[in-house]
Amino acid sequence: MTEPSTTRADADPTPASIPGTARRGPVVAALMLAMGLAALDGTIVSTAVPQIVGDLGGLSVFSWLFSGYLLAVTVTLPVYGKLSDTFGRKPVLIAGTVLFLIGSVLCAAAWNMASLIAFRIVQGLGGGALQGTVQTIAADLYPLKERPKIQAKLSSVWAASSIAGPAVGGLLAGYADWRWIFLINVPVGLVALWLIARHLLEPGRTAPRARVRVDWAGALAIFATGAVLVTALVQGGVAWPWLSAPSLGLLGGAAALAALTVVIERRAAEPIIPGWVWRRRTIAAVNLALGALGLLMVAPTVFLPTYAQSVLGLGPIAAGFVLSSWTLSWPITAALSNRVYTRIGFRLTAILGISLALLLLLAFPFLPFPGEPWQPALLMLLLGGSLGLFQLPLIVGVQSTVPYEERGTTTASVLFCRQVGQSVGAALFGAIANGVLAARLGADTDLDTLARALTATDEIRRAVDAAVDRVYLGAAAAAALALLALLTLAPRRFPVLKEED
């Protein structure tokens with residue numbers, strides 16, 4: 001399938017009658033609340049892990065509180081994207097929010113770690129709808145010229161959550177009960193549901209079909225493939241060695257399931273992941289570039305806090321502030337990016353952003369040892385600004401190249417690639433860091449063990465510094481892959497459709 005017919009590429013299309021324009025304020029509030037549910041989830045739970053383990057036990061498997069949720073979100077994104085194009089955004093977002101809230105209530109009622117992990121997966125099944133559908137509705141509500149405004153607001157939700165989440169989680173776990181970190185989702189979600197049900201108006205479905213054909217076989221195949229792959233990436237090198245039978249079996253099973261998925265999707269009348277997602281150069285390039293973004297984001301989010309505590313000697317709160325500096329600049333440059341891409345285009349703006357990010361990631365290994373906290377904080381502030389110029393133009397640009405009935409699938413494919421990139425990055429960079437530590441400190445040493453140590457000798461500090469330097473070099477390589485995808489695959493001008501198309 002070829003690229004859709006377009007107007008002047010990267011042009012500012014003539015605004016059409018946006019559905020529900022008069023009620024955009026309440027709908028935007030609902031979208032921010034719904035996004036807040038998903039954004040707060042990881043940060044607010046992480047600070048309550050000691051209390052949860054102390055109450056329910058299960059220290060050996062508590063990491064699945066996060067892995068299970070991530071797994072469910074990742075594998076359901078393409079399914080929800082297709083369903084939102086088939087049945088509309090509103091029913092999918094409402095169903096996903098309800099499922100997320102049911103999972104939250106069940107998590108609060110968990111009686112042991114196994115039940116809590118199972119209910120976190122239920123939460124994640126709803127979280128996939130929240131992440132993908134909110135981004136799609138944001139594109140539906142605003143014409144191209146105004147989309148950075150709503151995207152910047154959604155980015156600010158993630159920024160605020162990264163700062164407020166640990167504090168709120170710590171307060172609830174320390175002074176109330178850890179179960180409240182899940183129950184707090186209920187009032188927020190109910191307000192979001194009421195606003196969505198009352199104020200979100202969707203356009204009439206053109207040429208409605210008498211009987212909608214849903215590719216349930218393809219959905220099941222995608223779910224199974226993603227589940228096996230993410231399990232292999234999350235548990236490899238942690239629960240078992242990478243070259244062990246479980247890892248090789250899971251990776252081989254994922255490859256076999258992926259091949260089966262391709263066969264099913266080619267035969268389906270309405271495939272969950274249509275072939276045009278990869279045949280259109282613009283979408284394929286953005287998918288690969290944002291997959292690389294997910295890969296490189298693992299370096300600061302996972303490894304910088306350990307670096308700040310072990311190498312710089314900061315406490316957990318101060319280390320969190322070093323990391324959070326990039327969440328301050330990211331929404332600002334994202335909001336201002338339209339002033340750049342309206343002049344030079346989506347592709348060149350993204351190339352500019354990722355090129356700056358590449359230089360900043362390469363600069364990290366040159367920080368002095370042990371250094372001052374403001375040095376990595378400054379790098380993170382600049383990195384967030386560069387990634388704001390990179391990510392938002394690509395999301396806004398690719399959403400603007402497809403009509404309404406393809407926007408959900410396109411948005412979901414982009415977010416799915418980013419999520420898979422994060423899973424791959426966590427496994428890959430974890431292996432790199434642990435390999436460096438093992439070579440310097442001994443075969444049985446890994447980053448998790450050192451992160452829990454009460455004191456760090458000079459030898460340990462230097463080993464952690466070397467390991468994180470290698471991880472940042474790996475992140476720079478991921479940035480180079482994103483740059484290569486844009487230079488070789490993305491068209492010089494994105495084929496933007498007019499809004500009335």
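Predicted model: local features only at pLDDT ≥ 70, side-chain atom pairs only at ≥ 80, totals over all residues.
Figure 1. The expected span is 1.5 Å times one less than the number of residues, and helices (H or I, at least four residues), like strands (E, at least two), are DSSP runs numbered from the N terminus. Buried in α4 are R89, V92, L93, G96, T97, F100, L101, G103, S104, C107 and A108, where buried means under 20% relative accessible area, exposed over 50%, and partly exposed in between (1.4 Å probe, protein chains only). They cover an arc of only 165° around the axis, which puts them on the same side of α4; the arc is that of the directions from the helix axis to the C-beta atoms. Residues are numbered from 1 along each chain as its sequence is written, and side-chain values use heavy atoms, with hydrogens and water left out.

**Figure 2. The surroundings of G408.** G408 lies in helix α17 (residues 404-441) and is buried, with a relative accessible area of 1%. Leaving aside residues up to four places away in sequence, G408 touches G81, S84, D85, R89 and T136, a contact being heavy atoms within 4.5 Å. Although G408 and T86 are 322 residues apart along the chain, their C-alpha atoms are separated by 9.0 Å.

**Figure 3. Helix α15 and its packing partners.** Helix α15 (residues 346-363) has 18 residues and reaches 26 Å from its first C-alpha to its last, close to the 26 Å expected at 1.5 Å a residue. Its buried residues, including F346, R347, I354 and L361, pack against α12 (281-310), α14 (338-344), α16 (374-399) and α19 (458-488).

**Figure 4. A nonpolar patch on the surface.** L328, W374, L378, L381 and L382 form this patch, with about 480 Å² of accessible area together, and its largest share, four residues, comes from α16. L328 sits in helix α13 (residues 316-336) and counts as partly exposed, at 48% relative accessibility.

**Figure 5. The protein as a whole.** There are 19 helices and zero strands in the protein, and buried residues make up 55% of its 501 residues. Among the contacts with a separation of 6 or more, 85% are accounted for by residues 24 or more positions apart.

Notes. Patch = residues over 30% accessible without salt bridge, like charges linked within 9 Å, V, L, I, M, F, W, Y side chains within 5 Å. Areas by Shrake-Rupley, 256 points an atom, 1.4 Å probe, with all protein chains shown as cover. Salt bridge = Lys/Arg side-chain N within 4 Å of Asp/Glu carboxyl O.
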